[in-house]
Structures are given as C-alpha cells and as structure tokens.
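Trainee: I'm new to this one and would like a close look at a single part. Could you take me through it slowly and then show me what lies around it?

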Amino acid sequence: MFTQIYSIQTVEEALGCVEAGADRVGVLVGEPGGKFPCAIHEEAAAEIFEALKGKAVRVLISVADNERDILDQTKRLHPDVLHLCANFTGSPKFREKMREEIPDVLLMEAVGIVDESAVEDAKRKAEYADLLILDSVSKTVPGVGAAGETHDWGIDRAIVEAVKIPVILAGGLGPDNVEAAIRAVHPAGVDSLTKTSVKENGILVRKDLEKVREFCSRAKAAE
C-alpha cells in the first residue's frame, strides 16, 4: 500500500512529506492563485523534483490543454509519473507518443466517480494507462479531483476488480477514514490532498505534516 500526497508547493514541504511517510509526492504546475488549488510555477516544480530524486516517486499533475505542451513540459521536468486529470485526456496514441519521447515516465489517468458509468470509463483508460486514480468531481474546480469529498467506494471496488493495472483511491481521504477506505476498496495506493492540508479563508495554503504523518501511518497499518 503506497501513499500519495498532493499538492506540494515548496522543497521543504516535499521533504517533510517524505519524512512523514509519503511514498509519492505530486505537484500541480499552473498559475498560482488561479482556478487550480496549490498550483506552482514550473521552476518551483523543477526544484521540488530535483530535491526528491531517489527519495520518492515524483508526480507531475499537468493541467495543460494540448498534447504538445504536456509532452514538452513533461520532458523538461521529467517526473516519474504524469497525471492527467483536467484539460486533456490521454489515448492509446498519446501513450505511444510518450513511449517515443519520454519512455521512462508512467501515465496515470484520472477517473471521475459520479455514477456506475465510471467503471466503463476506467476500463477504457486502463487499456493504455499505467495507473488509474479514482477521485471525486468538484463543482468548483475543473477536471477530476480537489473536491475534498468522498464518493461511492462500491464503484471504486468494482473498478479495482475490473482492471489489471494499479488503482489509487482518492477523494476526501484523510487520517479519519483512510483505513475504512482501504478495507472497502483494496486499492494499490491511497491519495490525500484536502484533509492533509491547512486551509485559510477557504484556500488550501500548505500541508499539515502531522496529518500527513497520521494518514501515512494509518494507511500502512490498514494494509
């Protein structure tokens, strides 16, 4: 059972999350203060990825809207995993382009869990992606994720049983419910953003490292 912590904004936060038990660390590259929570400039992401080299799996959350920009950004930052969840959805053709240009970067596709139609969406994406991440859909944030809300774990379990690639469970997970989520779904990994962050005036501003530590500890104990 691996733990994934989103969205990191500084090198100090990244290293603190790893020390607290995070196996994977994700950063979202975009316009800070824009429509995506915890977005950072590409230069800051590069510093974080360099500091994490050999310490954790580095995940780039791309919110670019076209293939060329996503591939070029991924080549510049060279994460371990590219996560598509917002303005662009992958395809078998896109995965082949990745293999040609950045062969050692894995592709993770997001599946928005709204109803049982998500199972078929997951099956389609599992035909070309290396990993899936199952997340809630926000009414205020574009794409899939950052909702801070749980969804129907029964649908997640059906997806885990239907696909042959690793599945990460996300969506409103924190120290209070991660053990129950793992028991219900049996994912390969679990992800946390909102419930391991500090919120001020309704905005996520930084990670709460004690909550990260408790989340990781409870997740690994539940395994």
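This is a predicted model: local features need pLDDT of at least 70, side-chain atom pairs count only at pLDDT 80 or more; totals for chains, interfaces and linings use all residues.

Which residues does Gln 4 touch, not counting residues up to four places away in sequence?

Mentor: Happy to. Residues are numbered from 1 along each chain as its sequence is written, and side-chain values use heavy atoms, with hydrogens and water left out.

Now your residue. Gln 4 touches Arg 24, Val 59, Met 108, Ile 133, Ile 168, Val 190, Asp 191 and Ser 192, not counting residues up to four places away in sequence. Contact here means heavy atoms within 4.5 Å. Gln 4 sits in strand S1, which covers residues 2-5. Helices (H or I, at least four residues) and strands (E, at least two) are DSSP runs, numbered from the N terminus. Gln 4 counts as buried because its relative accessibility is 0%; buried means under 20% relative accessible area, exposed over 50%, and partly exposed in between, using a 1.4 Å probe and protein chains only.

Let's follow one of those partners, Val 190. Leaving aside its neighbours within four places in sequence, Val 190 is in contact with Met 1, Phe 2, Thr 3, Gln 4, Ile 168, Leu 169, Leu 173, Val 178, Ile 182, Phe 215 and Ala 219. Val 190 also belongs to the largest nonpolar core, which has 55 residues; Val 190 is listed with Leu 82, Phe 94, Leu 132 and Ile 159 as having the most contacts inside that core. A nonpolar core is a set of buried Ala, Val, Leu, Ile, Met, Phe, Trp, Tyr and Cys residues joined through side-chain atoms within 4.5 Å. Another core, of 19 residues, lies apart from the largest one, and Ile 61, Leu 131, Ile 168 and Leu 193 are among its members. Ile 168 is a name you've met already, as it is one of the residues that Gln 4 touches.

The peptide bond from Tyr 6 to Ser 7 is cis, with omega near -25°, and Ser 7 lies in the loop between S1 and H1.

Two packed helices are described by the angle between their axes and the distance between the axes. Helix H1 (residues 11-19) packs against helix H8 (residues 209-222) at an angle of about 35°, with the axes 9 Å apart. Axes are lines fitted to C-alpha atoms, for helices over the stretch in contact, and angles run from 0 to 180 degrees between N-to-C directions. This crossing of H1 and H8 is right-handed; a crossing is right-handed if the near helix is turned clockwise from the far one by less than a right angle, and left-handed if anticlockwise. On the H1 side, Glu 13, Gly 16, Cys 17 and Glu 19 meet Leu 209, Val 212 and Arg 213 of H8. By class, the residues of that contact are three nonpolar, one polar and three charged. Ala, Val, Leu, Ile, Met, Phe, Trp, Tyr, Cys and Pro count as nonpolar, Asp, Glu, Lys and Arg as charged, and the others, Gly among them, as polar.

What about the cysteines? The structure holds zero disulfides, a disulfide being a pair of cysteine sulfur atoms within 2.5 Å. For Cys 38, the nearest cysteine sulfur is that of Cys 17, 11 Å away. Cys 38 is buried, with a relative accessible area of 9%. For Cys 216, the nearest cysteine sulfur is again that of Cys 17, at 7.7 Å. Cys 216 counts as buried at 1% relative accessibility.

Finally, two histidines. His 78 isn't a glycine, yet its phi is positive, about 45°; it lies in the loop between H3 and strand S5 (81-84) and is partly exposed, with a relative accessible area of 32%. His 186 also has a positive phi, near 60°. His 186 is found in the loop between helix H7 (178-185) and strand S9 (189-192), and at 47% relative accessibility it counts as partly exposed.
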